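Let's take a walk through this protein together. Please have the sequence and the model open as you read.

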Number of protein chains: 2
Amino acid sequence: MPTIPPRAEGPVGPVGPADLPDDLVDGLVAVLDLVRRGVARTRPEVVRASGLGRSVVAGRVARLLELGVLDEHGTAPSSGGRAPRELALRHDAGVVLVAPLGASRLTVGVTDLAGTLLASLDEPASIADGPGPVLDRVDELFARLLDGLAAERGPVPVWGVGVGLPGPVEFLSGRPNRPPIMPGWDDADVRARLSERWDAPTWVDNDVNLMALGEVVARRHARQGRAPLGDRPDQPEDMLFVKVGTGIGAGLVARGRLLRGAHGCAGDIGHVEAPGGADVVCRCGNTGCLEAVAGGAALVRRAAEMAADGTSPALARLAAAAPGGLGVEEVVRAAQEGDRTSVEMVQASGHLVGQVLATLVNFFDPGLLVLGGRLGAGSDLLLASVRQGVYQRSLPLATRDLRVESAAAGDDPGLAGAAAMVLDELFGREQLRRWLPQGSPSGRRATAA
Amino acid sequence: MPTIPPRAEGPVGPVGPADLPDDLVDGLVAVLDLVRRGVARTRPEVVRASGLGRSVVAGRVARLLELGVLDEHGTAPSSGGRAPRELALRHDAGVVLVAPLGASRLTVGVTDLAGTLLASLDEPASIADGPGPVLDRVDELFARLLDGLAAERGPVPVWGVGVGLPGPVEFLSGRPNRPPIMPGWDDADVRARLSERWDAPTWVDNDVNLMALGEVVARRHARQGRAPLGDRPDQPEDMLFVKVGTGIGAGLVARGRLLRGAHGCAGDIGHVEAPGGADVVCRCGNTGCLEAVAGGAALVRRAAEMAADGTSPALARLAAAAPGGLGVEEVVRAAQEGDRTSVEMVQASGHLVGQVLATLVNFFDPGLLVLGGRLGAGSDLLLASVRQGVYQRSLPLATRDLRVESAAAGDDPGLAGAAAMVLDELFGREQLRRWLPQGSPSGRRATAA
């Protein structure tokens, strides 16, 4: 049996979340952030880094220790006088369960409270099986991961759960909204389903937002030479992350934070009108959608025709050799090998994506445009075509030092992104506000013991 | 002679801006915000609203009094014990000079530190005369406004200057960047020019961003039933403001704050590609730009042809009656009066704008889409066509409760917006950080006296 931890979102006492002043909570978040980011490791360092008085810092640190999110141990090097105790995030006080679900693949993982991946599992699965079977399977795999951990180090409480879905999600409610490729999922209460099973606060977002968060983490990691998954950026960043895979979507990062929009569906660019694609019917029912004309699924369909009718012997050869038939990978490989048909298809796709992105670059003015997804991150040819389209139509000021790059995140940016989402929420204002009257999971355990 | 106030951005002492900890400055901004917004009027109210300790509040208030941005006077009603002194923003301690400049009109104003307009002047002027003549004229009008004020109430120090320009502006440097309709202005150091003349910190932004800020202020005002110009929003708001006038541009508001992008040119949608306008040459040199096909200037040009060749007798009549010839107003009026040619032109323009906005709504997911500008705010016909385009192509989740409305701000949202920009910056982190070592203008005056 997996560890069943104490409730993380129990009934709230007489002092409800709404009664706690923002400034108090923000003060705690600020101190916690300094320690989480490794900027300050002792009370004197927090005093120096924050400019707050010693007694204010002592009070806030005491509150965070009491809440069970910080820990103190050992002593740090002293600059004279009594050596100060070292403060640290209690990164092993609990774990986070993450499940970035794809259209045809199910990935689950478990991370510590710093976002470091402890274990993961991966298997083929169809999201179209519906929420019941898919989430049952997620639960089984979560349990298996926790059993493995428990065998190693004893039971560990689950502090939070993060789920990614391949379709529009209303972030505040944690429910998918009319997702085109997820029959049976419309308005499913994914959050309630998982938060009840794991007795932990749960957040749900679309896969592209999580990939964008994962990209932010990976780029910060590369800059700092260490891996603070789920950490907060050091400075504002304006990034537009675009996934070009089977489908097409975007994630918006402004001032280092994900912008989810008024309904949590910002970045849904797969179904905007593509120039000149008026006669193509999309899976969403509309015609001429960018995804239907330039997405990986469209390319694979056209590639299969070219392989079948003899137009492209290279694609026919790759189709015969691939166990599951032609996929995005095969089209990318054929283009890399110089197959003229494939090169033209990928370039045409990049040109269309670039035209739409030129509009979005003018509108959003990002400093960095990142292409991810199997087609976006996998093909230099696509990157070049997109670049061309963007530079051709965007304003000089917007493109003056705009970088257009492939994704830096590794094979599964969704795992890192899901952990980052959970940890940002868990150590952010709303969750601390809930914990303050009652303690965090480990704080309550400590009190109960 | 106008009042020449003490330096607002003098040489900084040994403790430079970069050495001041963020947390200290943020703490002051938080307390100042509570008083500016009218949430707290006494120290005990600040304690209650912020959750901070009494001594922390006392320290921060003392610092703000010393800086000269807050004032205390009289006594507030007591809840027992000694009646607390009432705190207030020193809104009459100085003034803000604002100049939202249009392509063919020059407007200047002076507001107090709460953003209330004290006086304004307005005259025809061509921005194409270049920065020298235009800014000289702005200085003359500023001086006239200050002379008028000085005659009434004695000399008043200028705390800040805000300028709006009808073209792309790099917000951080305060310089226009290749503005298409502003010959001679490219890279002009507008900030230095005005901050030296008026010895006050100066901010420059494009006209549409200032209109968007003015709209935020007007809507907050309407909600609260009072007019806190330059105030900060009470809650996050996601608004897309689109100006359809001679040109076309947008302002993005996320979580109640203006998003300016990595280069300060977010919202530049006038030169994105319009569907089906490939053969129209734009003033920017590119072809098929939205503005060239659907903007007011394009409509007026087409309307003049229709008036001349007898296609539209209504337009010919209005052209003959208008002193300056046909303008956007005449086309809007002809459409309102049922002139078929004008109705069709306005509808076609609205349809194109709506198609582009559908993409941006999917991408940005605003809760509110506001149409401003002489064509955008003036024509219900245009509003209806834009609405149709947006609802037709946007995702169900994004449009579920999206409001598409005309601008609520009055005749000159640029004045209110420019004041809001200056006050947000003046009472924000960066400016307080500069003031802390040396005092604000009135704080320094108080010390020198």
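Is A:Arg219 buried or exposed? A:Arg219 is buried, because its relative accessible area is 16%, where buried means under 20%, exposed over 50% and partly exposed in between, with a 1.4 Å probe and protein chains only. You will find A:Arg219 in helix 6 (residues 207-224) of chain A; helices (H or I, at least four residues) and strands (E, at least two) are DSSP runs, numbered from the N terminus. Leaving aside residues up to four places away in sequence, A:Arg219 touches A:Leu368, A:Val370, A:Arg403, A:Glu405, A:Ser406 and A:Ala408, a contact being heavy atoms within 4.5 Å. A:Ala408 is 189 residues from A:Arg219 in sequence, yet their C-alpha atoms are 6.6 Å apart.

A word on the ground rules: this is a predicted model, in which local features need pLDDT of at least 70 and side-chain atom pairs count only at pLDDT 80 or more, while totals for chains, interfaces and linings use all residues. Residues are numbered from 1 along each chain as its sequence is written, chains are lettered from A and ligands numbered from 1 in the order in which they are written, and side-chain values use heavy atoms, with hydrogens and water left out.

Now step back to the whole chain. Chain A has 17 helices and 14 strands, and 57% of its 449 residues are buried. Of the contacts in chain A with a separation of 6 or more, 64% join residues 24 or more positions apart.

Next, look for the open sheet of five strands in chain A, ordered 12-11-10-13-14 with mixed pairing; two strands pair if DSSP finds at least two bridges between them. Strand 12 (257-259) and strand 14 (403-406) of chain A each have a single partner strand, so one side of each is left without a neighbour in the sheet. Strand 13 (residues 368-372) of chain A runs parallel to strand 14 of chain A, paired over four bridges, and A:Leu369 stands opposite A:Val404 in strand 14 of chain A.

Two helices also belong in this picture. Helix 11 of chain A packs on the sheet, touching strand 10 (239-244), strand 11 (248-254), strand 12 and strand 13 of chain A. Helix 13 of chain A lies across strand 10, strand 13 and strand 14 of chain A. The axes of helix 11 (residues 340-364) and helix 13 (residues 380-393) of chain A come within 7 Å and cross at roughly 40°; axes are lines fitted to C-alpha atoms, for helices over the stretch in contact, and angles run from 0 to 180 degrees between N-to-C directions.
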